[in-house]
Amino acid sequence: MLDLRGLRLMRNGFQFAADLSIEPGARIAVIGPSGSGKSTLLSVIGGFLAPDAGSVAWQGADLSAVSPGQRPVSFLFQDQNLFPHLTIGQNIGLGLRPDLRLNRRQREDVEHVIAQVGLQGMSTRRPAELSGGQQSRVALARVLLRARPILLLDEPFAALGPALKAEMLKLLGDIATRTDATVLMVTHDPADARSFADRTILVDDGKVHPPAPTNELLESPPPGLRAYLGQ
Amino acid sequence: MASGVLALRRDAAGIAVAAALAALILGTLAAVAWQARGLSALQSWDWRAVWFTIWQAALSAALSAGLAVPVARAFARRRFPGRALLVTLLGAPFILPVIVAIMGLIAVFGRTGAINEALRAVGIGEFSVYGWQGVVLAHVFFNLPLSIRLILQGWQSIPVERFRLADSLGFGPADTARHLEWPMLRGVLPGIWLAVFLVCLTSFTVALALGGGPAATTVELAIYQAFRFDFDLGRAAALGLVQIALSLGALVLSRRMATAVAFGTGLDLAHGPVGPRGWRRAMDAVAILAAALFLLCPIGAVILQGLPRIPDLPTEVWAATLRSICMALISASIAAALCLALALTIAKTSNGWLEAAGMLPLVASPLVLGTGLFIMLRAHVAIDDLALPVTALINAVMALPFGLRALIPAARSLRADYGRLADSLNMTGLARLRLLTLPRLAAPLGFSTGLAAALAMGDLGVIALFATDQPTLPLKLYQLMNSYRMTDASACAVLLMSISFALFWLFDRGGRLA
């Protein structure tokens with residue numbers, strides 16, 4: 001269980017509040033207008049922002065004092081998911097050891113996930129030599145290798161075209177299934193929410209609503225979401 | 001709370017550097033102030049030095065900024081082969097050892113130089129390179145290129161659309177000057193004047209070699225003389241207080257004005273205003289040619305005189321060379337480490353106090369720091385043992401503000417771009433330094449380290465104060481000059497200049513290739 005207990009955050013007159021629980025293994029879309037607090041929600045769970053009050057707990061353990069890199073969390077950002085000066089293999093290897101002193105077994109694991117995301121033979125290339133879709137695959141390969149129980153995605157595929165995005169969502173689904181991950185994915189696109197997540201969290205003006213079934217929410221949206229969707 | 005302690009521990013390096021820097025500089029200043037016990041030790045001679053320091057700096061700054069205007073305008077509106085190279089060369093005086101330039105100026109403007117030969121030939125009196133006019137001449141030599149680059153930047157900051165609009169409205173050159181160029185110059189010139197004024201305020205080497213006497217002694221030189229010849233620590237300290245007050249005053253003044261950055265980039269622009277034809281074209285050519293001759297002839301003269309002599313240099317010169325290179329490398333390493341630790345913490349915490357600590361060296365002058373360190377350490381260490389370590393340390397500290405200017409913006413964008421990714425992957429400590437920080441900051445770090453190495457290599461400030469039987473190369477050069485062994489001194493100058501440029505090039509290039 002991922003528990004957000006009485007989370008409160010004040011920033012420049014913006015008030016953020018969340019109080020909810022998420023089942024392990026759930027796939028949840030996070031949707032809402034720009035500036036409503038979607039990224040804030042992910043940043044607090046990921047440990048990049050400390051709440052003024054309340055706590056984040058995973059399986060009953062309070063994460064407040066745990067640094068971002070030691071939380072049971074993998075994070076995919078909007079961009080800058082790869083270090084441009086490191087090779088694909090190194091970028092993925094960081095998921096196993098942040099100092100990259102990998103043993104032979106670990107190096108084999110890296111090659112293995114590279115093959116699994118369809119990038120065989122590319123481990124010595126640098127990110128700039130890859131297409132946008134391939135770069136997303138590299139980031140997903142690292143998620144697969146780290147196999148953390150919580151996966152947070154902040155619109156990581158927003159820059160990809162529709163076909164590529166669908167492909168990435170499918171790959172993401174496979175990886176989430178294989179690692180039993182609880183997934184929270186911020187998205188601007190209701191279609192992403194429908195295709196990937198059976199439940200959706202609506203964030204509106206700093207208020208985080210509990211997860212609701214995606215289809216119901218999108219078919220009879222509350223006023224804030226309706227305005228956002230343009231209905 | 002726990003995370004607060006954790007965060008503090010991770011920022012410890014930067015905070016420790018800032019604290020050490022503040023302790024070093026404020027501590028030495030306190031030692032100077034305590035030793036001085038007010039300004040009563042100052043005699044009328046010393047007040048003349050204060051007055052000379054101010055007016056020569058004001059005059060040097062006005063001449064540098066004023067003469068730079070026509071040259072910068074010529075560079076802005078003309079395109080010719082070699083233009084990019086010339087503009088790049090204008091950045092070189094920043095790392096040219098002062099004593100080398102002085103050798104060059106003596107070669108050209110000295111008694112037997114080309115200028116005086118010509119003056120004698122036409123029957124006009126001689127120009128003496130010694131005295132106040134020599135001091136001002138040398139300051140213009142160093143600061144004219146800097147001013148040209150900064151004004152050129154101002155010119156390039158005028159959108160090219162404005163010039164096109166001016167053309168379409170049928171503006172003549174006078175109209176363009178009035179509506180586009182003068183407003184820009186009014187904006188940039190005060191800042192440039194002040195930047196040069198600040199540099200000339202703490203001038204030591206130039207005054208040491210070309211000035212002196214009642215009419216041409218700067219405060220820095222007076223500190224040196226009080227310390228070295230009169231061994232009057234109280235007076236040296238009182239002069240140090242005056243020097244600090246002067247620097248502080250100028251810094252406060254510069255806070256109120258938008259000051260120009262220390263070294264302009266001013267490179268190429270593909271588009272730009274089209275220069276007017278006719279006599280203005282000839283005038284621009286004269287401006288560029290005159291500036292180029294003024295800057296290149298002295299260096300060329302030193303090279304011509306010194307290069308053939310290098311193989312015959314006495315062994316003690318080679319010993320001094322080796323000593324200088326070691327000292328410069330140590331100094332540059334200290335500067336790089338301090339700069340990196342400070343820049344990373346400043347980028348992370350955006351703490352104004354830390355940034356202020358990094359800029360503290362601008363308040364202190366090398367001679368004031370040297371005097372203060374001597375006052376604090378004289379009871380514990382022999383003066384001869386102090387010379388090289390203190391020189392390495394002070395040069396590292398003095399290079400910090402310039403290094404930080406290059407490194408802080410880079411560290412900030414590194415943090416903005418990859419900070420969260422590295423945090424989320426738990427990259428900390430040495431692993432983060434090795435895999436992320438050093439590779440990504442290699443270019444600005446290489447530039448800063450190269451700058452520090454070149455400045456330390458060419459420095460003749462603190463080492464002259466402590467002058468020992470173990471001279472550095474610039475001090476050796478100065479000693480050769482003083483014993484009128486000018487050919488040997490020229491050879492030394494060529495050597496010193498080559499090594500300074502080579503050190504800068506090696507680090508800068510190495511950083512960009514990494």
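In this predicted model, 16 residues of chain B are in contact with 19 residues of chain A. On the chain B side, α17(B) gives the largest share, six residues. Chain B itself has 21 helices and zero strands.

**Contact with chain A**

- Three elements of chain B give two or more residues to the side that touches chain A: α1 (2-10), α17 (383-424) and α18 (429-458).
- By class, this side of chain B divides into nine nonpolar, three polar and four charged residues.

**Overall build of chain B**

- The radius of gyration of chain B is 24 Å, close to the 24 Å that the globule rule gives for 514 residues, so chain B is as compact as a globular protein of that length.
- Along the principal axes, the C-alpha atoms of chain B fill a box of roughly 75 × 60 × 50 Å.
- Of the 514 residues in chain B, 48% are buried.
- Among the contacts in chain B with a separation of 6 or more, 84% are between residues 24 or more positions apart.

**Domains of chain B**

- Domain 1 of chain B puts 15 residues into the contact, and domain 2 of chain B puts in 25 residues.
- On the side of domain 1 of chain B that touches domain 2 of chain B, the elements giving two or more residues are α5 (98-109), α10 (205-210) and α13 (279-306) of chain B.
- The largest share of that side, four residues, comes from α5(B).
- The side of domain 1 of chain B that touches domain 2 of chain B has 12 nonpolar, three polar and no charged residues.

**Helix pair α9(B) and α12(B)**

- Helix α9 (residues 173-201) of chain B and helix α12 (residues 233-256) of chain B have axes that come within 10 Å and cross at roughly 170°.
- Angles over 145 degrees count as roughly antiparallel, and α9(B) and α12(B) are therefore roughly antiparallel to each other.
- From α9(B), the contact is made by Leu194(B), Phe197(B), Leu198(B) and Leu201(B).
- From α12(B), the contact is made by Leu246(B), Ser247(B), Ala250(B), Leu253(B) and Ser254(B).
- The residues of the contact of α9(B) with α12(B) comprise seven nonpolar, two polar and no charged.

Technical notes. Residues are numbered from 1 along each chain as its sequence is written. Chains are lettered from A and ligands numbered from 1 in the order in which they are written. This is a predicted model: local features need pLDDT of at least 70, side-chain atom pairs count only at pLDDT 80 or more; totals for chains, interfaces and linings use all residues. Axes are lines fitted to C-alpha atoms, for helices over the stretch in contact, and angles run from 0 to 180 degrees between N-to-C directions. Angles under 35 degrees count as roughly parallel, over 145 as roughly antiparallel, 65 to 115 as roughly perpendicular and the rest as oblique. Two residues are in contact if their C-beta atoms, placed from the backbone, lie within 7 Å. Ala, Val, Leu, Ile, Met, Phe, Trp, Tyr, Cys and Pro count as nonpolar, Asp, Glu, Lys and Arg as charged, and the others, Gly among them, as polar. The radius of gyration is taken over C-alpha atoms; the globule rule is 2.2 Å times the number of residues to the power 0.38. A residue is buried if 20 or more other C-beta atoms lie within 10 Å of its own, exposed if 12 or fewer, and partly exposed in between; C-beta atoms are placed from the backbone.
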